[in-house]
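Have the viewer open while you read.

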Amino acid sequence: MPGRIAVEYEQPLAAGGACSTRQAWAHVPPEPAPAERAALRQQIRRLLRQNDAVMVAHYYVHPDLQDLAEETGGLVGDSLEMARFGRDHAARTLVVSGVRFMGETAKILSPGKTILMPDLDAHCSLDLGCPPAAFSAFCDAHPERTVVVYANTSAAVKARADWLVTSSCALEIVAALAAAGQKILWAPDRHLGAYIQRETGADMLLWNGACIVHDEFKAFELQALKQQHPQAKVLVHPESPADVQALADAIGSTSAILKAARQMAAKEFIVATDSGMLHQLRAQNPGKIFHEAPTAGDSATCKSCAHCPWMAMNGLADLARVLATGANAISVDPALLPRARQPIDRMLAFTAALRNGQAAAGLVPHLGAA
Ligand code: 13P
Ligand code: SF4
């Protein structure tokens, strides 16, 4: 297949233990020529109206898809915002531009809606690196622990969880669980898990997964870039390694990074997250300068080069095709749906309570049902 690339990711051999290297693949669709691009955008606008469909896009996908989502009344957001928007929107069809777990979360929350994705093979190394059977065995070995999983997981892994979190609410949820005296079993991202452990002091047992994009940011080279741009503030996604986080002026989810860039007085930033974010960062902050954080030293070769190969699989032509044909509809095993929905509902209730200024910790005792 033209444009097909091999992507290496880590597969933990045992929970918390060593990893072996596995291979997946991705393919990046060709950039359409200007006339084709304009025609596709027009066609997608028309099909969205005709099909009672709305776009939900992640910040890491191609700028064309982010712009279309915004222009047509859809959403560009982080994974928590995507889940909430998809659940609450009245449209009968959601077109999710992102990676597979985002489409699955939308389906779990809205089983009656049609969820389409430009490419169903858009995976995530965290999801691939946390196979349900191995994860289930890990949970079985630690029945006394509350199972908290990151959104970047399969429906089967979510179905084993007590709580779901995204990077924008993980700290608050784990802090509330720890304050209620609970010990945590965490999966799959080891860097985000360790960050939450450091920040909350919670007792956490960590799965050993990693994001192929954020795991590649390099502290030594970042330090050198900081020296070249001494005025720049460093914004870091918590899926990055601890030594990169240690150089950050702000650490947070994609939405938190955007907020920090808007609110900080600095005029120059170094950004350690997927380069897809630069589109919104520059659009929302005219006059501010954004540099990509380095992913490899002189003697190394980057694998992802700061752009998720699976996010890059989302393209205009496939989006138009699935809207026209109904192809690439997400399905989730109906037997998993109720159990997989429980931890997502808890997260959404918790974050809604936080937003409304209610005592979200009051929701934690209900965990006993899990
Ligand atoms: P956010 O929840 O911050 O959008 O992150 C999702 C993700 O996949 C980051 O790599
Ligand atoms: Fe998964 Fe990393 Fe891609 Fe996000 S950037 S979807 S965590 S592989």
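This is a predicted model: local features need pLDDT of at least 70, side-chain atom pairs count only at pLDDT 80 or more; totals for chains, interfaces and linings use all residues.

Residues are numbered from 1 along each chain as its sequence is written, chains are lettered from A and ligands numbered from 1 in the order written, and side-chain values use heavy atoms, with hydrogens and water left out.

**The sheet.** Four strands make an open, parallel sheet ordered β4-β3-β5-β6; strands are DSSP E runs of at least two residues, helices H or I runs of at least four, and pairing takes at least two DSSP bridges. β4 (75–77) and β6 (114–116) sit at the edges, each pairing on one side only. Neighbouring strands are turned by 20° on average, direction ignored. β5 (residues 93–97) pairs with β6 over 3 bridges, and Leu94 has Ile115 of β6 as its bridge partner.

**Helices on the sheet.** Both rows below touch β3, β4 and β5, with contact meaning heavy atoms within 4.5 Å and angles running from 0 to 180 degrees between N-to-C directions of axes fitted to C-alpha atoms.

| Helix | Angle to β3 |
|---|---|
| α2 (residues 63–71) | about 135° |
| α3 (residues 79–88) | about 170° |

**A helix pair.** The axes of α1 (residues 34–50) and α14 (residues 316–325) come within 9 Å and cross at roughly 30°. So α1 is roughly parallel to α14, a label for angles under 35 degrees. Residues in this contact include Leu40 and Ile44 of α1 and Leu319 and Leu323 of α14.

Notes. Angles under 35 degrees count as roughly parallel, over 145 as roughly antiparallel, 65 to 115 as roughly perpendicular and the rest as oblique.
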